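Hi there,

Here is the model I promised to pass on to you. My notes follow below it.

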Amino acid sequence: MSRPSLFELENHSDFIQRHIGPTVKQQQEMAQTLGYDSLDALIDDTVPAAIRRTVPMDLPGAQTEQNVLARLKALAGQNVINKSYIGTGYNNTYTPPVVQRNVLENPGWYTAYTPYQPEISQGRLEALLSYQQMVMDLTGMDLANASMLDEGTAAAEAMTLLQRVNKKNRSNVFIVAEDCHPQTVAVVQTRAEVLDIEILVGNPDELLGETEAFGALLQYPGTHGHLHDIEPLIEKAHAAKTLVTVAADIMALLMVKAPGQLGADVVVGNSQRFGVPMGFGGPHAAFFATRDAYKRSTPGRIIGVSIDRRGNQALRMAMQTREQHIRREKATSNICTAQALLAIMATFYAMYHGPDGLRVIASRIQRLAAIFAAGMNELGYKADNTHYFDTLTFTVGDDAQAITDRALAAGINLRIDSDSRLGVSLDETTTAEDIEQLWRVFSGQQDVPSTAALDAGIEGHPGIPAALAREVDYLQHPLFNDYHSETEMLRYMRYLEDKDIALNRAMIPLGSCTMKLNATTEMIPVTWPEFANLHPFAPSEQTKGYQAMLAELDHMLLEATGYDAISMQPNSGAQGEYAGLLAIMRYHQSRDDHQRNVCLIPSSAHGTNPASAALAGMKVVIVECDDNGNIDMEDLKTKAERHTDDLACIMVTYPSTHGVFEESIIELCDVVHQHGGQVYVDGANLNALVGIAAPGKFGADVSHLNLHKTFCIPHGGGGPGMGPIGVGAHLQPFLPSNPVSPVPGVAESNDVVSAAPYGSASILPISWAYIALMGGDGLAQATKVAILSANYIAHRLKDHYPILYTGTTGNVAHECIVDIRPIKEASGVSEEDIAKRLIDFGFHAPTMSFPVAGTLMVEPTESESQFELDRFCDALIAIKSEINKVQAGELDAQDNPLANAPHTLADVANSEWNHPYSRELAAYPVESLRRYKYWAPVNRVDNVYGDRNLFCACPAIDSYREENA
Ligand SMILES: *Cc1c(COP(=O)(O)O)cnc(C)c1O
């Protein structure tokens, strides 16, 4: 071997081997265990030859972590961070450093999964319940969910909720106040059009009561800052049986009457300015609050209070836990991944400041706005809005250009409403000096009024009408009052974190979820100010760094998928589905095929597929699967034939949700195309394809990519995520745009699926970094090891548990389904018992009962070491021997360690122990647990109790004090 050059030594990267768990030697041994000479031989025998890519991805080689950070820093440096007064739903904020470091930058929080397994999720469930409490308090509503993707989506969901629940007014008209944020209007319009809802945008005072409408949307305060008394409007609406959604500003709600008190039926908004950076559009948590009567129609996840086996209080996701999977195309919404991490950050911001601290922040903003308005008056500019919280708009006529130029020269972004109208939104980072600078910018004079002098002349809150003034009647719960010292805050967050299993404790083998490494290097750029503090509607000259990073990421993802164009707008997989289906519909319409609206969906599909199809206005037709879990090709042909005139598309997951590479995928694409349909491949399982096959090359027309699965964005305990879509060239013209900041390359009038042009842009550097760190070969290697590890697990388990589906050569793809049905039949032990017993072993359970009821689906990913894979298999095998003992009567049929799992420390430390098995077996079923033991904080949670006694707020102060005494 020749001696490496200095260049090679300097650029040597170990990252691939840090991301991939098994060593190269172990990979070889694992392949041999499976009966193959090499990993490549296993892949050749597993992935159908017909879909294999012949040309490798055109991506650079792996780069070192240092080089990747340096390169990203250089890109970030091309962004210009002006002082932003743009507002429009996005404001500067100070993230409390204790929250930034211990939550946003802490894998104990950001690597957790959606809390499907409540016993190992009590920490994030408590934080999300507090979020609901905070939203209920501030909005004055009965009930809130645990976050929505953004304010626009929340408003669109509110519209469809109002249509569902308004039995007294079946009109199809929805009124939108003309002073709603423009991006909200656009998201609502797109959603309405496909559902045949007619949108009337106008002055609500003129429209309400005059027009038959099932619902209306008001903005409070309006996008230009005007603070209306919306109570008379709501009364007028209700008199005409029109229900009302109010989109509210969360900071303003600290000062002005709660919309719930003014009669609102739904209140939505964004919690971004509670400590979550703007991030060029996201991620942030939107909120959604409504009346108790509409709880069963509410979209998204609601956290509820229930009890555990011992009758102790325990939290869980209520009702809709598996909503889409149960209700399919009749689901209330397609939201699966939401914005949990950001909701939690906003909640901690509120806990850190407390009601009085928040009130000080809001009052200061309001006072500055009043001082600013008074000074502007002196300078000859009278604000268009008489009442306001933090935003003022000025008609400046011909001065607009000169003012904007002076602003830009001073590093300031104003809101530009038109050629003659400018707006200013203040926030918690605004100072008195900023106000004086704004006066200089507007007046062009150096000599401006004194803030101190004007302040002295201001009484009360002149911007807020007396009728809307609010007392501090919120956040009285101890949770929002006990943690104002940083020490207490730090410990409370740690206390919650310790209750949960995240990836920093153990593998999370959730099938279909791809819980792989979220490397620290990938995460670091997220909180760089150059990425974090950019307004989504900042002028494009200031966002060059983002644009360059996005262009490179586009290229990377196009290489990975084989498509021709990409949209970064959808901020979850389900939103990607919606955007992709809209593109398909628009394509058909552009060819005068208006009748094409049938969407074929295999019975095994993920629940978001039919839910998104319904959202896109399509008619769902189910295609059956055969006994091997494969799509029944005969049924497909029959149905494609039957719908040859109205077929819009098929939605299929590849490899299938059953974890199998179906040989028939190419034929399937052909059949659908022959009947005029498009092929949507759900890309959630792309972790089995990257570098070895590309949907865009084997016949698909569009896919979403779950960047929070395959491309390393952490799951955040239930979000954020990103679901960009790749499309063939023929669908490119139908990709989404944005009304305020249009997306280059598509028409400005195109559909809008998210509020911001590039969705949750600030987490995209994570995926960029991952791809740069791995390089083309590293990514392909990761895919191969993901497949290897799944087959290794299937192999190790197969003598103990039936493995449900395999491909024609007996192999699985990147996940495998363990069938518990025959075991339950024989022993009475259920898949749930096994899932909960795994907690005693320190593991998060696999995916339960998806895609097949009564099964567990295991996805190890490439990132788990052979040590961890073995530890997990050993746990499942030990559990199987317990099951055998139950079956043989050696363990009691009812009172056994499986039925009673998980066991808490309180269980085994209790002086009474009445079970026929030992405490030792309960807590330490394997020796290795003596080194490190996770204790579930609660016993098995009672799901039925929680739904029967739905309670979705923080438990009353007394009960809280008792619980924590
Ligand atoms: C995760 C997943 C989705 C939904 O993605 P979200 O980002 O949660 O909206 C859709 N389809 C499949 C197969 C998935 O696994």
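How far apart do the end C-alpha atoms of residues 472-736 lie, and how much of the span is helix and how much strand? The end C-alpha atoms are 42 Å apart, and the span is 32% helix and 12% strand. Helices here are DSSP runs of H or I with at least four residues, strands are runs of E with at least two, and both are numbered from the N terminus.

Before you dig in, please note that this is a predicted model, where local features need pLDDT of at least 70, side-chain atom pairs count only at pLDDT 80 or more, and totals for chains, interfaces and linings use all residues. Residues are numbered from 1 along each chain as its sequence is written, and side-chain values use heavy atoms, with hydrogens and water left out.

**Annotated regions**

An unreviewed UniProt entry lists residues 17-442 and 472-736 for "domain: Glycine cleavage system P-protein N-terminal". For residues 782-903, UniProt (again an unreviewed entry) gives "domain: Glycine dehydrogenase C-terminal". That span is 46% helix and 8% strand, with its end C-alpha atoms 36 Å apart. UniProt positions are in the numbering used here, feature names are shortened, and annotations may be inferred rather than shown by experiment.

**Around the ligand**

The shell around the ligand has 14 residues, of which T337, S512, D682, H708 and K709 come nearest; a residue counts as near if one of its heavy atoms lies within 4 Å. The shell divides into 3 nonpolar, 8 polar and 3 charged residues. In this scheme Ala, Val, Leu, Ile, Met, Phe, Trp, Tyr, Cys and Pro are nonpolar, Asp, Glu, Lys and Arg are charged, and the others, Gly among them, are polar. Helix α22 (residues 573-590) gives the largest share of the shell, 3 residues.

For A574, a polar backbone atom is 2.8 Å from an oxygen atom of the ligand. The protein covers 99% of the 380 Å² of accessible area that the ligand has on its own (Shrake-Rupley method, 1.4 Å probe; for residues, only the protein chains shown count as cover).

K709 is also where UniProt, in an unreviewed entry, places "modified residue: N6-(pyridoxal phosphate)lysine". K709 is found in the loop between β20 (702-704) and β21 (725-727). Its relative accessible area is 9%, so K709 is buried; buried means under 20%, exposed over 50%, and partly exposed in between (1.4 Å probe, protein chains only).

**Salt bridges**

Side chains of opposite charge can pair when their charged atoms come close. How many salt bridges does the structure hold? There are 39 salt bridges, each being a side-chain nitrogen of Lys or Arg within 4 Å of a carboxyl oxygen of Asp or Glu. Three of them may interest you:

- E157 pairs with R191, the closest N and O atoms being 3.5 Å apart. The pair links distant parts of the chain, from helix α9 (residues 151-165) to helix α10 (residues 182-194), 34 residues apart. E157 is buried at 0% relative accessibility, and R191 is buried at 1%.
- R940 pairs with D833, with closest N and O atoms 2.8 Å apart. R940 lies in the loop between α31 (919-923) and α32 (943-948) and D833 in helix α28 (residues 831-840), so the pair ties together parts that are 107 residues apart in sequence. R940 is buried with a relative accessible area of 9%, and D833 is buried with 10%.
- E920 and R930 meet at 2.6 Å, N to O. E920 lies in helix α31 and R930 in the loop between α31 and α32, so this pair ties together parts that are 10 residues apart in sequence. Both are partly exposed: E920 at 48% and R930 at 42%.

**Two more residues**

S865 sits in the loop between β24 (855-858) and α29 (866-888) and is partly exposed at 25%. S865 and M507 are 358 residues apart in sequence and 9.5 Å apart in space, C-alpha to C-alpha.

T153 belongs to helix α9 and is buried at 0% relative accessibility.

Technical notes
A polar contact is a pair of N or O atoms within 3.5 Å; within protein, one must be able to donate a hydrogen and the other to accept it, and residues adjacent in sequence count only if both atoms are side-chain atoms.
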